[in-house]
Amino acid sequence: MLWNDVVYVSLLLISVAVGPFYRSVQGPYAKQWLATLLGFALVICVSGWSILHPLIIVLVNAIIITNLSWKKCHLVSLFFSFFYLLVIFRLGDYFGLPSSPTHTNLVVMILALKLPGLAFEINNAATAPSDDVQGTGSEALKNISFMDVIHYSFGYMGVLTGPYYRYRTYWDSLHRPFSKHVDPWPLTFYKLKQIAAFIALFLAMNHLFPSDYTQTLEFEEHSFIYRFFYMYPAFASFRLRMFIGMALAECVCQMSGLGAYPVHCQPIPGLGPRDYKTIEKLSADEEKLKGMEQDFETVHNMNVWEVETTPFVRHTMKMWNTCIQYWMAICVYKRFPHKGLRTIATMLLSALWHGYAAGYYFCICQVPLYLPFEDISTKFYNQCDPNGFGKKAWGFFLWWAKLTCMAYLGVPFQLLHLQEIIHFYKSLYFSGHILGLVLYLFVRVLKIYFLKRRPSEDDKNK
């Protein structure tokens with residue numbers, strides 16, 4: 001695993017270093033071809049002959065997107081992409097296909113989001129109102145060609161593992177002037193210093209608290225308290241590993257200029273600017289851009305500070321892999337026909353997207369079981385005096401509960417296999433499940449006696 005991580009980090013650092021040269025290239029089509037060739041070279045480097053998988057999923061989707069009606073291309077692209085990922089690619093060894101390298105899996109995973117995402121953009125653009133502030137039907141989505149799909153898929157910015165960015169964001173980086181008037185180095189240098197610290201901490205934590213240690217007889221001989229608290233540093237090493245990869249992926253996009261937008265246009269992760277009409281006006285007048293504050297929030301995939309400090313699981317999930325969360329919300333959650341099953345369907349698809357290992361389902365699909373407890377506790381938190389001791393106490397309690405929940409569910413994400421997960425939970429006497437149930441019943445009782453009831457409209461009118 002560590003060798004794969006070394007290769008991954010090295011290729012991302014090379015991609016970061018390429019950024020200044022890429023930005024210096026003049027002309028959108030020259031930059032487009034350069035990004036595609038660099039991305040294709042990266043995929044060949046990590047995949048070898050397994051590059052056939054990314055090629056097939058891209059070429060078939062290019063045919064779907066450029067030949068089918070906007071009314072159905074998004075659904076056909078979504079079903080084909082996930083069918084290819086989940087059946088042909090992931091179960092290929094059952095059909096006699098050779099196993100693919102780990103990094104090829106990451107490439108195919110991000111393509112399974114980007115390509116249907118493009119088809120959804122086309123579908124949305126066809127029905128967008130003319131006064132749409134977010135610019136759903138922007139110029140970027142008019143007359144998309146077969147080669148445009150190829151370029152978007154293999155652009156070196158995000159080809160290995162993301163972050164997910166819309167086709168419009170990619171098009172803007174080529175055809176709009178914002179990247180010419182922003183210096184990405186200060187932000188990138190700041191993140192690279194963070195990454196260096198994360199790498200040092202990860203190596204130390206992974207050496208001292210490996211998740212595999214939970215499967216040993218020596219681990220079972222320790223006290224219950226030791227075994228229970230071991231999951232906190234074990235999960236911390238996992239978080240650090242994710243922080244490293246995602247921060248580096250953000251740096252690649254930043255140094256290429258992708259995702260640069262004026263701050264006052266309100267860019268958010270995944271979507272880009274909320275006020276796209278202003279983007280179109282500024283593109284026609286570059287003089288206004290000089291000295292204007294810009295950021296790369298569009299490709300900000302992991303808000304480390306929010307992930308670590310927020311006391312809420314719901315908010316942590318929104319700040320974790322933010323651009324992917326945006327894709328899941330827009331393409332799955334909001335589109336799913338049955339409102340009551342939207343959360344479950346989104347969680348299940350997220351787990352399937354990660355793979356078939358039991359750990360993904362134990363981690364992701366158990367999160368909804370925690371949310372009723374958090375929802376009640378949040379009501380207590382919100383009714384407390386903003387500067388009072390009660391709010392601070394509830395905030396700390398919720399933060400500890402969130403950390404415990406994520407660590408208890410996060411270790412299975414590292415162990416992956418069902419037998420190892422059951423062994424880990426048995427060593428803890430399933431205490432996380434029991435504790436969660438006890439805390440839920442406790443706040444349910446508190447709710448009856450101590451939670452203030454919000455006045456209804458009838459009460460207000462009396």
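Domain bounds here come from an automatic or database domain assignment. That assignment divides the chain into domain 1 (1–172) and domain 2 (310–452). Ground rules next. This is a predicted model, so local features need pLDDT of at least 70, side-chain atom pairs count only at pLDDT 80 or more, and totals for chains, interfaces and linings use all residues. Residues are numbered from 1 along each chain as its sequence is written, and side-chain values use heavy atoms, with hydrogens and water left out.

Domains. How far apart do the C-alpha centres of domain 1 and domain 2 lie? The answer is 31 Å. Contact, meaning heavy atoms within 4.5 Å, takes 20 residues from domain 1 and 12 residues from domain 2. Buried area is the accessible area (1.4 Å probe) that two parts lose on being put together, summed over both. Between these domains it is about 1,500 Å², and carbon and sulfur atoms give 71% of that. On the domain 1 side, Leu 113, Phe 120 and Tyr 164 lose the most area, together 36% of what that side buries. Salt bridges (a side-chain nitrogen of Lys or Arg within 4 Å of a carboxyl oxygen of Asp or Glu) between the two domains: the count is 0.

Backbone. Helices (H or I, at least four residues) and strands (E, at least two) are DSSP runs, numbered from the N terminus. Gly 162 and Pro 163 are joined by a cis peptide bond, omega about 5°. Pro 163 sits in the loop between α6 (146–154) and α7 (167–175). Gln 266 is not a glycine, yet has a positive phi of about 60°. Its place is the loop between β1 (261–262) and β2 (267–268).

We use a 1 Å grid over the protein atoms alone: a cavity is a set of points where a 1.4 Å probe fits but cannot get out, a pocket is an open set with protein on both sides within 12 Å along at least five of seven lines, and lining residues have an atom within 4 Å of a point. Points join across faces, edges and corners, and volume is the space filled by probe spheres set on them.

The second largest pocket holds about 410 Å³. Of its 18 lining residues, the closest to the centre are Tyr 370, Gly 432, His 433, Gly 436 and Leu 437. α20 gives the most to that lining, 7 residues.

The whole structure has 3 cavities of 30 Å³ or more. The largest cavity has about 50 Å³. Its lining includes Arg 239, Glu 308 and Lys 402. α18 gives the most there, with 3 residues.
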